[in-house]
Amino acid sequence: MRDTVPRFASVYGVCVTLAILLTTGCSTVQRTPMGFVDLDHYKVDCRKKGEQIAFLQSMRPTPDEKLFAGFSAIFQPWNYIVDPYGHDSNRAVSTGRSEWLINQHLMTLRDNC
């Protein structure tokens, strides 16, 4: 009995440490992209054309973000109920809708300003 508790504690500690190390990379976010609804309601201002072009270009999702957003949309279906805004944003990133919307804003800046 006395042997079991320390062994359990050490095995449990190793498992927790591995779990933390494996998930730490997933939890560190380099940047927070704008949500799809926010992008949809983004207002173009011709007086700040250069700043807005740089901002919109920085909001483009990277291939890794597209991949993880697709995995999140597929493998976490409960987010549809728990966090519908996040679920819709993940689907928009994974399907390319957010990138399409960014392109539309960039074309508006190019054509109208």
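1. The model is a predicted one, in which local features need pLDDT of at least 70 and side-chain atom pairs count only at pLDDT 80 or more, while totals for chains, interfaces and linings use all residues. Residues are numbered from 1 along each chain as its sequence is written, and side-chain values use heavy atoms, leaving out hydrogens and water.

2. Cys113 forms a disulfide with Cys46, the two sulfur atoms being 2.0 Å apart; the criterion is a pair of cysteine sulfur atoms within 2.5 Å. One disulfide is counted by this rule. The link of Cys46 and Cys113 is left-handed, with -65° about the S-S bond. It joins distant parts of the chain, 67 residues apart: Cys46 lies in the loop between H2 and helix H3 (49-58), and Cys113 in the segment after H7. Cys46, at 40% relative accessibility, also counts as partly exposed.

3. Helix H6 covers residues 84-95, twelve in number, and spans 16 Å from its first C-alpha to its last, close to the 16 Å expected at 1.5 Å a residue. That expectation is 1.5 Å times one less than the number of residues. Helices are DSSP runs (H or I, at least four residues), numbered from the N terminus.

4. The buried residues of H6 are Gly86, His87, Ser89, Ala92 and Val93. They pack against helices H2 (36-40), H4 (63-75), H5 (79-82) and H7 (97-112), contact meaning heavy atoms within 4.5 Å. Gly96 follows H6 and has a positive phi, near 95°.

Methods. Helices (H or I, at least four residues) and strands (E, at least two) are DSSP runs, numbered from the N terminus. Buried means under 20% relative accessible area, exposed over 50%, partly exposed in between (1.4 Å probe, protein chains only).
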